[in-house]
Amino acid sequence: MQRAQVIVVKLGTSVLTGGTDKLDKAHMVELVRQCCELKKQGHQVVLVSSGAVAAGREQLLKPCGRSLIDKQMLAAIGQGQLIHIWQSLFALYGVNVGQMLLTRADVDDRERYLNARDTLTALLSYDVVPIINENDAVATAEIKVGDNDNLSALVAILANADKLLLLTDQEGLFTSDPRTDVNAQLIDEVAHIDDELRQLAGGSGTSLGTGGMATKLQAADIARRAGVEVIIAKGAGKNVILNCMSEQLPGTRFVKLTAPRDGRKKWLLAGPKSSGQIVIDDGAVNALQQQGASLLAKGVRGVRGQFERGDLIDLVTSDQQLVARGLVRFSKAETDTIKGCHSSEITKLLAFDCGSEVIHRDDLVLF
């Protein structure tokens, strides 16, 4: 018997429509069957579903543009229809569903992040399948997560998931674009995501969806750092969801990394966007990575962007390699003033005492 796991299944618009301009309800039934089979095996399932805009277009029955306002309007029409379909299909198997609509603001704010996590945990504890989508009807460019691939990675962290299945219209990540290169080969497993791998990913796969392989790579990188195994596979494949739980995995598997145990550090991975950068020297890199130390002013070589005390900051090397991310204890101007200085000089330079660490190790997550 397999250990009971929490599985997040992300379904893209291309999977739900079969490449058409309407929801493919026959295929949606098949996906629901597989999810319910996982539940019979003792696993818990979370569904991150695209398709609200597509459902809205189908309901509107008249031509509509593709501006942000048009998409928000279509999402408002289609979201109710989409959740009604999911509710009806899961009811065939006697399974209840619950809807959660999220925006970036819900994970940026620590309190709202915890509230969303508690709601998700409660739904799972009552054997309900959460159906999650971005709140497209009210989300603007500033608060949108951006696509449901990245949203699913944040949901996987919220749910403390074991696996994230990114189901798409492609079989996985290839050595080149299989739509234009007949010699493209499927990459079975990825243990390290680097710039070369990112170059293999292109833009949006279809005109219906907003996410391509690039966003799936971003999502995989976020989720695996939180200890979640990620699989990209073809959503139209036979028993694809069930096969992702077997030894013969379809698609591309991304090996999970050791996850931070502290919930606050998981929030740093999932939550707010970085406000700026602090450039650190090799000594600081070694102290952070090898000694579990905090970032001191002496290791700071430069600052970029605009940030205030308490903002989330990326720590990078001089050649822009991301080392860590954390909550800074000084503003940009203050950090610029004390960079390279000994901790004992900070109070004299700033005329106030705010501690000796620029970023404390408890407020920092390593990359």
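**Note on salt bridges and the annotated binding site**

1. Arg224 and Asp221 form a salt bridge in which the closest N and O atoms are 3.3 Å apart. The model is a predicted one. Both partners sit in helix α9 (residues 213-225), three residues apart, so about one helical turn separates them. Arg224 and Asp221 are both buried.

2. Side chains of opposite charge can pair when their charged atoms come close. With a side-chain nitrogen of Lys or Arg required to lie within 4 Å of a carboxyl oxygen of Asp or Glu, the model has 16 salt bridges.

3. One of these pairs is Asp127 with Lys39, where the closest N and O atoms are 2.7 Å apart. Asp127 belongs to the loop between α6 (110-125) and β4 (129-134), while Lys39 belongs to helix α2 (residues 25-40), so the bridge ties together parts that are 88 residues apart in sequence. Lys39 has a relative accessible area of 15% and therefore counts as buried, the limit being under 20%.

4. Arg117 and Asp118 also meet through their side chains in a salt bridge, at 3.8 Å from N to O. Neither residue falls in the buried class: Arg117 is partly exposed at 30% relative accessibility, and Asp118 is partly exposed at 42%.

5. The UniProt record, an unreviewed entry, lists a "binding site" made up of Lys10, Thr168, Asp169, Thr210, Gly211, Gly212, Met213, Ala214, Thr215 and Lys216. This annotation may be inferred rather than shown by experiment, and it should be read with that in mind.

6. Of the listed positions, Lys10 is found in strand β1 (residues 6-11). Lys10 is buried, with a relative accessible area of 5%. Its side chain makes a polar contact of 3.0 Å with the side chain of Asp149. With neighbours within four places in sequence left aside, the residues in contact with Lys10 are Val48, Ser50, Asn148, Asp149, Ser152, Leu165, Leu166, Leu167 and Lys216. Lys216, one of these contacts, is itself on the UniProt list.

7. Ala214, another position in the UniProt "binding site", lies in helix α9. That helix also holds the Arg224 and Asp221 pair of the opening point. Ala214 is partly exposed, with a relative accessible area of 28%, whereas Arg224 and Asp221 are buried.

Definitions and conventions:
Residues numbered from 1 in each chain as written. Predicted model: local features only at pLDDT ≥ 70, side-chain atom pairs only at ≥ 80, totals over all residues. Heavy atoms only, no water. Helix = DSSP H or I, 4+ residues; strand = E, 2+ residues; numbered from the N terminus. Buried < 20%, exposed > 50% of the residue type's maximum accessible area, 1.4 Å probe, protein only. Contact = heavy atoms within 4.5 Å. Polar contact = N/O pair within 3.5 Å; in protein donor to acceptor, adjacent residues only side chain to side chain.
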